[in-house]
Structure formats: C-alpha cells, structure tokens
Amino acid sequence: MLRDTWGELVDAAADLLLGGCCAGCLRPGRVLCPTCARELPTGGRPAWPDPVPAGLVPPWAAAEYDGVVRALVIGHKERRLLGLRGPLAGLLHQAVRAALASSEAGPVVLVPVPSRPGVVRARGHDPMGRVTARTARLLRHDGYDVTAMQLLRCRPGAVDQAGLGASARAANLAGSMHCPTELLRRLAARRTHARIVVCDDVVTTGATLRETQRALEAVGLEVAAVAAVAATRRRRPTGGARGLSSSDPTD
Ligand SMILES: [Zn+2]
C-alpha cells in the first residue's frame with residue numbers, strides 16, 4: 001500500500017517536472033485538475049456496440065469515449081502520463097462493479113486485453129495491464145475477492161486495428177490471442193470457479209473484446225462480462241456514420 005502511494009507520488013512529480021498540465025482542459029498543474037475530475041461520470045452502464053459481435057458477453061463501461069475521458073485515455077496510453085492511472089482505474093472500477101452487480105458473489109479474476117509486445121515496448125508501459133491491476137486493488141478495498149491476471153498473449157501477425165472497419169477488425173483479430181498453458185496453471189493454483197471479467201480501455205466495435213472472450217473460452221474458462229473505462233457512441237459502419245479515425249482506440 002505504501003509502495004502504491006509512493007508510486008503515485010513519483011508519477012505525479014514526474015508529470016509536473018515534465019511540464020504538466022491537465023489532460024482535460026490543458027490548465028497548467030496536475031495531470032487532472034479538480035474541475036475536470038469532478039466532471040468524470042459515476043457508475044457503470046451497459047455498453048453494447050452496434051452491431052453486436054455474435055456471442056459477446058454483456059459489456060459495461062463507465063463513460064462515453066469523449067471529452068475529458070477521451071483525453072485521459074490517450075494521455076495515459078500515448079503520452080505516458082502515469083498520474084492518470086488512478087482516475088482511469090477509478091472509472092474502470094465503476095464499470096467492473098456494475099458488471100459484477102448482475103451476477104452471483106464469489107472470487108473474481110480481471111483479465112486485461114493483451115497488448116502486442118512491440119506496442120508495449122514502443123509505449124514504454126502496458127497501460128491496460130497497469131490500470132487493471134490498480135482496479136483490482138480498488139475492488140479489494142470494497143471487499144471483493146479479486147485478482148488481476150494477464151492470462152492472454154498476442155500471437156504475432158495481427159496489424160494495428162486503427163482505421164479498420166468492424167468486419168476488417170474481426171478478420172484481423174480472429175485467433176490472434178491465446179492463453180499459454182503455464183498461465184492457465186497459475187490461474188488454477190490461485191483461483192477456481194472464479195468469475196472472469198475482461199478489462200479494456202474503450203469499447204468500439206467489440207471485436208477485440210470478442211476475440212479476448214474466445215481465447216479464454218478456448219481453454220475452458222467462462223467469461224462473465226467485459227468492462228471498459230469508456231465506450232464510443234453506438235454507430236453502424238454504414239448509413240452515414242463516420243469511419244474510425246487513426247486517433248480512435250484500437251479495439
Ligand atoms: Zn482540467
């Protein structure tokens with residue numbers, strides 16, 4: 001706990017020293033000013049993509065992917081503003097709580113959507129892995145029997161999802177993740193009959209989440225729900241909705 005607090009202080013100091021400003025409104029100072037922090041939504045809600053990938057378990061999100069929340073996601077992931085990890089975990093925490101409210105009690109395992117190793121190296125950190133771990137700590141404070149485990153790995157070959165439409169994303173992702181045997185053994189040693197909640201930053205088409213669910217089910221694990229910090233506004237790929245831009249999330 002002391003180490004977590006110290007880590008947050010170091011993150012905040014680094015953000016300040018590097019010429020910090022609020023990721024939401026660009027006001028100089030902390031990476032998230034009190035005004036923008038107060039504007040963050042509370043509670044989780046269903047976040048079905050449109051169209052829904054066949055068989056997707058219920059998805060939950062804390063916010064719409066827009067405004068301050070979008071700035072937080074991008075600032076943490078792309079600009080490595082580590083001080084935003086706390087606020088992002090706070091949002092994911094609400095989405096997971098909403099997801100768990102609709103199923104029975106018992107142990108829970110949070111599984112972050114895996115990042116490709118090259119992406120982690122380029123960014124210098126694994127945003128979802130770290131936010132998911134912090135979310136698990138928040139849930140333990142609430143009294144949940146919960147742990148975060150990075151059970152999945154990406155197979156080489158999948159390309160960056162940004163700019164691809166829903167069907168192209170699904171084709172790109174098919175079979176792109178797997179659960180190595182040693183990780184499955186580690187799960188069996190720590191948790192049996194746990195509810196699994198897949199965690200991601202943004203629900204877009206649901207293709208990444210569906211592939212994550214498939215990879216877990218392929219080794220006999222049952223996924224209860226998926227939870228995300230935010231979800232893009234529902235939209236269909238045809239009928240006048242705009243396409244996904246390169247700055248949109250890679251789900
Ligand atoms: Zn602000």
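**A friendly note on this predicted model**

1. Let's start with the overall make-up. The protein chain's secondary structure consists of nine helices and eight strands. Please keep in mind that this is a predicted model. The chain has 251 residues, and 47% of them count as buried. Take the contacts between residues at least 6 apart in sequence: 76% of these join residues at least 24 apart.

2. Six strands form an open sheet with mixed pairing, and their order is 1-2-8-7-3-4. Which strands stand at the edges? They are strand 1 (45-46) and strand 4 (146-148); each has a single partner strand, so one side of each is left without a neighbour in the sheet.

3. Strand 7 (residues 195-203) and strand 8 (residues 223-231) run parallel and are joined by seven bridges. You can pick out two of the facing pairs on screen: Ile196 is opposite Val223 of strand 8, and Val198 is opposite Val226 of strand 8.

4. Strand 8 also pairs with strand 2. These two strands run parallel as well, with five bridges between them. To find this pairing, locate Ala63, whose bridge partner in strand 8 is Ala230.

5. Is strand 8 enclosed or open to the outside? Eight of its nine residues are buried, so strand 8 is largely enclosed by the rest of the structure.

6. Two helices lie across strands of this sheet. Helix 4 (residues 85-101) lies across strand 2 (59-64), strand 3 (108-112), strand 7 and strand 8, and runs at about 145° to strand 8. Helix 6 (residues 127-141) lies across strand 3, strand 4 and strand 7, and its angle to strand 4 is about 170°.

7. These two helices also meet each other. A pair of packed helices is described by the angle between their axes and by the distance between those axes. For helix 4 and helix 6, the angle is about 60° and the axes are 8 Å apart. The crossing of helix 4 past helix 6 is right-handed. On the helix 4 side, the residues that meet helix 6 include Leu88, Leu92, His93 and Val96; on the helix 6 side, they include Val131, Thr135, Leu138 and Leu139.

8. Is His93 buried or exposed? Its relative accessibility is 14%, and because buried means under 20%, His93 counts as buried. Apart from neighbours within four places in sequence, His93 is in contact with Thr135, Leu138, Leu139 and Asp142.

9. Next, find the zinc ion. Which residues are its protein donors? They are Cys22, Cys25, Cys33 and Cys36, each through its SG atom, at 2.3 to 2.4 Å from the zinc ion. Along the chain, these donors follow the spacing C-x2-C-x7-C-x2-C.

10. Why is the arrangement around the zinc ion called tetrahedral? The angles subtended by the four donor atoms are 105 to 114°, which makes the arrangement tetrahedral; for four donors, the requirement is that all angles lie between 85 and 135 degrees. As for accessibility, Cys22 is buried with a relative accessible area of 0%, and Cys36 counts as buried at 5% relative accessibility.

Key:
Residues numbered from 1 in each chain as written. Predicted model: local features only at pLDDT ≥ 70, side-chain atom pairs only at ≥ 80, totals over all residues. Heavy atoms only, no water. Pairing = 2+ DSSP bridges. Helix = DSSP H or I, 4+ residues; strand = E, 2+ residues; numbered from the N terminus. Contact = heavy atoms within 4.5 Å. Axes fitted to C-alpha atoms, helices over the stretch in contact; angles between N-to-C directions. Donors = N, O, S within 2.8 Å, 3.2 Å for Na, K, Ca; no water. Tetrahedral: all angles 85-135°; square planar, octahedral: opposite > 155°, others 65-115°. Buried < 20%, exposed > 50% of the residue type's maximum accessible area, 1.4 Å probe, protein only. Left-handed = near helix turned anticlockwise from the far one by under 90°.
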